[in-house]
Every structure is written in structure tokens, then in C-alpha cells.
Amino acid sequence: MPFISQIQRQSDYNLIPSSCPIVIDNGASYFRIGWAGESEPRIIFRNIVQRPRHKITGETVTIVGDHDPALLKYFDCTRSGPRSAFDNNVVFQFEIMEYILDFAFDRLGADQTPINHPILITECACNPVQSRSKMAELLFETYGVPSIAFGVDAAFSYKYNQQLGICDRNGLAICSGFTTSHVIPAIILIFGSLPDFSFFAKNDATFFNQFHLLPVYQWRACLRSMLSYNVGGYHVTDYLKQLLSLKYPHHMSRLTWEKVEDLKMEHCYITPDYAFEKGAKEAEEKTRCWQLPWTPTPVEEPPSEEEIARKAALKERQGQRLREMAEAKRSSKINELENELKGLEFLIQQLRHVNGNDIPSFLAETGYVSKQEIEAAIVKVTQSLRKAKGEQDDIEEKPDPSATEKYTLIDVPDNMLTPEQLKEKKRQLFLKTTSEGRQRAKQKRFEEELERERRNKEDEQRRLENPELYAEQLRVKYRELSEKVEQRKRLKTNGNHANESNNVSGGVGRGERLNAAQKERMRLLTTAAFDRGKGEDTFGIKDEDWQLYKKMSKDNDDEDEGPNEDETELARVASKLREIDPTFFPKSEASSSGAEPPRLRPLTKEDFQILIGVERFRCPEILFRPNLIGVEQAGLDEMVGVSIRRLQQSRNQDIDENITGSILMTGGSCLYPGMSERVEAGIRMIRPSGSSIRVLRASDAVLDAWRGAASFASTMHFPRQVFNKKDYYEKGEDWLRQYQLKYTF
């Protein structure tokens, strides 16, 4: 089975004798495996499995524990996320557990399926017998181990710290877990020479742990005194991730689970008084900053004089090259037009020597139909040639001599013309009027263009003389024109006599919104409709009646027919301001969006910072106040008091008084700064005055469970407390339910 991992494979598996046990600390967050008698586990990895497919080959690979994120770009992980074999702190997915054990034995160096070493594996407090039975069946049937022993991880941790002299024989053990927390008193009673440590506290790994307070005397008393609640290190990390994602939604891709866990371990702490800390000003001073990768925007330095001169010279050379190309193209076009004109003139000269009957056959070879067509082509080519030479301004347009011949009937009286001539006269009159109107419009456009050029030259001259004064004059003119245009729009909307005196707001009638020309059209329409309702309808008999339509269709209101002079001038001034001032923004564009558009600014270093303030103590506070995340259960300090009260009902007063004199805290969540002080303060509030309360921290809250198990597996008492496959199948689950390990070092 292919694995992807950065963990190196051990090479000394075959050198270790088969009598040496393999020690496994099967935590809900981390998996640790090593040899008995050693001080450190050989292999440590996250207790998760992911099985994605390769994007090209389609092969399914197994990713166990930690892996290189760069490899995931070759695999499709959309349908296969990280999966755990645990439900809370109990193993229930043994298919996933098999992948984890395969990987663990492979990295330990096992080359063959039968594992010829005894196995000591840890389990959680009050582990269900079904989970213990399935685990034994998996180890016996799949891996062929000779013998197995189950031990509570918390008991190994407490016993190991007792051996180091940290905690006393009677005490209280507190251990954090992955998704649940347990509170159980721990008391040692010696039966002969073997003390029975049924449950003690231990930490699975880092901050992903449960809280266990585990007694070590009779089993039933432990169950009656044990309490648990569904809050652990997983919830602290998830809560911190949610808060940071809501605070910085633009950096959610950066807030991965692993990074948030690192932030929690580095910055979070337990406050003695949550309400006071949340409102204190000192909380702002305790804010920590996480700087994301950021590349500053490059600042463009102003070009030097040499660079400006070089660019100007380059631009001049490019312009000269373009002018030469344009001149060459113009000369070529002039030559072509001159050759074409010479050819047409030569063709006209040849036509003079050709008889009238032979003209069609002669022109058939040239592509022309008549002499008039050739003359029209000569005129057209001549005009193109003059335009190419730039002689348009020097040559005045000559009146068409045939124009007077076209309109011969215009000056003739109507009584001297026949009906056909009258029709022709109307047509000539229409053509002449249209031609004259076109000429007037052309002349008007020409004059407007000259005026525009004159004004542009004057503006450019004023700008060169005093640029600042010119820009200020343009801004003043723009403001004045803007006010005039806005005033016209308001009058157009509300009418010329809106409610200005009393400032009454409300609806305005249709008549108040109409101007004078529109009111006149409405009057004519009303009059015509009123007159048509009286007697016989004679509208249209007289020519004067049809003038009414002309008056109604005529619109003298320039306000409704496109922009007027003020709006045109406003647009011109705005374009000038945009040319000289890049920061200028016209009001019309801002008002169209309803508000001033946001001006983009370059991103700075502060935009790529994640500040962690109140989140530092708010997230781990859920261990004492689970209601912050919606879990309606008691906190850790309250559960300690409830567990002690339950113990009072079944045990003597001496044990009750001495149990708080040695409180061992082990587990990843106990590594929070201020955790011991907060637990001691909470217990002191529920205990009688003068009670001995001593809160201790384990030597290594993360690895003490495995070290205790490894130390126990190396003693001579371990071989007498294991069971093999034959015992398991002969005695059944009832015997396995009563199975307890006697912790003797």
C-alpha cells in the first residue's frame, strides 16, 4: 500500500529481540509508537488518514498523519478529507485504525505481516468493552501479535510522575482530551504489593486532549465519582478559527487549521478573572500581531534629466520616421492620382478624333460607358488630387454652372405652367431648398470648428502663461456651470413655481412640471378635442387646421432636446480639468452612482496583519465556561467540586481532605499560562477554608503517558498481565470487561 509521509523508516527492527514489547500510545490526536525501556517514542504522527486519488493516473494513495502540503497539488482531495478513527475519545472506525497501524508498523521497520512482539496499547478512561474487543481482534487476526495488554493512558502518566516524586500517592489527576473532558478523583490503595491504578490523568497530545481526573482505587467508586463534558482542545482551536475568520474574512485562506493551532499554542493563556480582563485597558496592550507575507508596492522614482532627454530624443526619432512614412505614402498616392488623371485626359483627347457611331465600341475596351462618365471621373480624381496636395483651403468652391439650369421652373408663375410642370416645379423647389440647407449646415459646422480651434488656442496660451491660475479659473467655471445645470434640472422636475416659500415637500402636479412650450401644446390638444365634440367634424377642411399639427409637433424647448450650451460647455471644461488634474472627478459621474466612489489606495503592511487581542484568553475560557460555544454544561472547576462531593458519599473523610493536596495536571491544555492558578482559585472557592490545595504540573504533559507505559512494559510484572489470542477467544467479552492492568513499576 503506497504511503505519503516525511517520517523516516526505522532500520533496526530485526535487531530487537521478539521478547521486547512494542508500546503504543493511541491518542485521539497523536499516535506514538516505540520500544519498551526507551525514553522517547520512535514514531509520532497525527492520528488522521486521507485517501485521495492521483489527478493523472487515478491511483488511490494513503496519506497518514503529517504530510507535505506541496504534494497535494498532484492529488484530488475534494472527495477525501482527513478522517479520524475516534468518536470523541473512543475508537469506533477500525478500518481507519487499520490504515494507521499499517503505517505505524511500516515506519517502525516491520518487513512482514506477523508482528512477533507483545503489544502494550493505551486506551481512554472507561473505554467501552466493544471498542476494546474490536481492537484486540484487529491486532490478533490482522497482525498476528502473540499477546496484548490494555492500559489507561492517564494511569501511566500519573504513575510516571509519582515515580519522579512530583505527585503523592493519594491525589487528583486532571487530563485534557481531544473532544471530551473527564474529572475523576484518584486515590491509591495498596493490595498486597501491587497498587491498583485503574485510572489516572494523561494528555493525548498538545492541545487536543480531554480532561480526566482519575481515582486509582476500587473500580465502582471511580465510575460513581467520574464526570465528563464535551469540550476539549479541538473546540478551543475551532473557536479561535471562527473568531479570526469573522474578523478577517479576506484572509480566510491563510487561517488553516494547523496555523490556527500554532497561534493558539503560542499566544493563548488563561486569565484569573475573565470579566475583569475583558473590560480592562491592559487587554489592548496584550494584543499580538501575526504578519502575513507582504510585498511592498514598488515606488516609481522620477526619471532623471538624462532619461527624459533620452526618451524625448527617441520620441522625436519615432515621430520623424512616422512623418517620413506618411510623406512617402502621400507622394505615392499623388503619383497614382496624377497618372490616373493623365490617362483620363488622354482618353478625352482620343474621343475627339472618334466618330460618334464608334464611341460605344471604343469605350467598351476602357470600362466607361459615356463621355460624361469620364468627365465625372476627371472631376473626382482632380478633387482627390487637390486634397492629397493639401490645397483644399486655398481653392474656393466654384458654383455649379448647371445649377441654374436645373431649377428652370422656380421663377415661372404657376398660371403659366401645365400640371406636369407644376409637379416638376415642386420637385425643383424641394431639391433647391434641401441643397441650400445642406450648404448652410456645412458652413455652420465649418464656422463652429474654426471657433473651437480659436478657443483651444487661447486656452492653451493661458495655460502655458500661468498653469495654476488657469486651473483655478477652470474649477470656478466648472462650479458655476454645475450649479446652473443642477438648477435647470430642479426646475424641470419641480416646475418653475415650486413650493419655495413655505418649503412644503410633497407631490407636484403635472402642470407644475411643464414649461411654457409644453403647456401650449397641451392647450392646443385640449382645444382640438373640445371642438371636435361639437356638431359635425369639419377638422382638416381648411389648410389652417393642419398648422395645428405643426405647432403641436414643434418643440421649442431646448431642455428636452439633448444637451444645451451650458451642458456642452460643462463637458468641455470637465475634459480640460481631467487633462490637467488626474485627481479631478466630475460630479455627474459621482451622482450617477448615488455616492462618492471609493478611491483605491495601495495596500500597506497593516492590511496584511492579523491582530489577536481578546481572542487570546476568550478561546481557552470555554474550558471553564462551555456556554460560550453553546454547550450547556458545567466548567472544569465546577466539575471538580461535584466529583469530590460524590467521593464523600463513598469514601472516608481522611481521603477527601488529602485528595486536593496533590492535584496533577497533565495534558496539552494544561500548558496554557495561568492554567494552574485558575484551577487552584476555582477549587479554593468550593473547598472549606484552610484546606490543603496544591496544583502540580506534569514533567512532560505530552509524553508522560508513553514514557510511563514504556517503563511499565520493561518490568518483570508486565509478562504476567498480558493475554493471548487463546485466552481472548476462550473467555470472551465478559472476561475482557473485568480485565484490569495492575500498574507496578
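## Terms and model

Two strands count as paired if DSSP finds at least two bridges between them. Helices (H or I, at least four residues) and strands (E, at least two) are DSSP runs, numbered from the N terminus.

The model is predicted: local features need pLDDT of at least 70, side-chain atom pairs count only at pLDDT 80 or more, and totals for chains, interfaces and linings use all residues. Residues are numbered from 1 along each chain as its sequence is written, and side-chain values use heavy atoms, with hydrogens and water left out.

## The six-stranded sheet

Six strands form an open sheet with mixed pairing, in the order β4-β3-β2-β11-β12-β22. The edges are β4 (43-46) and β22 (723-724); each has a single partner strand, so one side of each is left without a neighbour in the sheet. Strands β11 (residues 119-123) and β12 (residues 147-152) run parallel and are joined by five bridges. T122 has G151 in β12 as its bridge partner.

Two helices pack on this sheet. Helix α2 (residues 129-143) touches β2 (22-26), β11, β12 and β22, where contact means heavy atoms within 4.5 Å. The direction of α2 makes about 150 degrees with that of β12; axes are lines fitted to C-alpha atoms, for helices over the stretch in contact, and angles run from 0 to 180 degrees between N-to-C directions. Helix α3 (residues 153-163) touches β2, β11 and β12, and its direction makes about 70 degrees with that of β12.

## Helix pair α2 and α25

The axes of α2 and α25 (residues 725-738) come within 10 Å and cross at roughly 170 degrees. The two helices are therefore roughly antiparallel to each other, a label given to angles over 145 degrees.

On the α2 side, the contact is made by V129, R132, S133, A136, E137, F140 and E141, which meet K725, Y728, Y729, E733, L736 and R737 in α25. These residues divide into six nonpolar, one polar and six charged. Here Ala, Val, Leu, Ile, Met, Phe, Trp, Tyr, Cys and Pro count as nonpolar, Asp, Glu, Lys and Arg as charged, and the others, Gly among them, as polar.

## Nonpolar cores

A nonpolar core is a set of buried Ala, Val, Leu, Ile, Met, Phe, Trp, Tyr and Cys residues joined through side-chain atoms within 4.5 Å. Buried means under 20% relative accessible area, exposed over 50%, and partly exposed in between (1.4 Å probe, protein chains only).

The largest such core has 61 residues, of which M97 and F105 touch the most other members. Helix α1 (residues 94-108) gives the most to this core, with nine residues. Residues up to four places away in sequence aside, M97 touches N26, F31, A85, V91, M135 and L138. A second, separate core of 42 residues includes L172, I174, C619 and Y672.

## Loop residues

Most residues other than glycine have a negative phi. N88, in the loop between β9 (86-87) and β10 (90-91), has a positive phi of about 60 degrees although it is not a glycine. N88 is partly exposed, with a relative accessible area of 34%. C126 lies in the loop between β11 and α2; its phi is also positive, at about 55 degrees, and C126 is partly exposed at 25%.

D168 is in the loop between α3 and β13 (171-176) and is partly exposed, at 37% relative accessibility. Its C-alpha atom is separated by 9.2 Å from that of L664, 496 residues apart along the chain. Neighbours within four places in sequence aside, D168 is in contact with Y158, Q162, G661, S662 and R694.

Note on methods: Angles under 35 degrees count as roughly parallel, over 145 as roughly antiparallel, 65 to 115 as roughly perpendicular and the rest as oblique.
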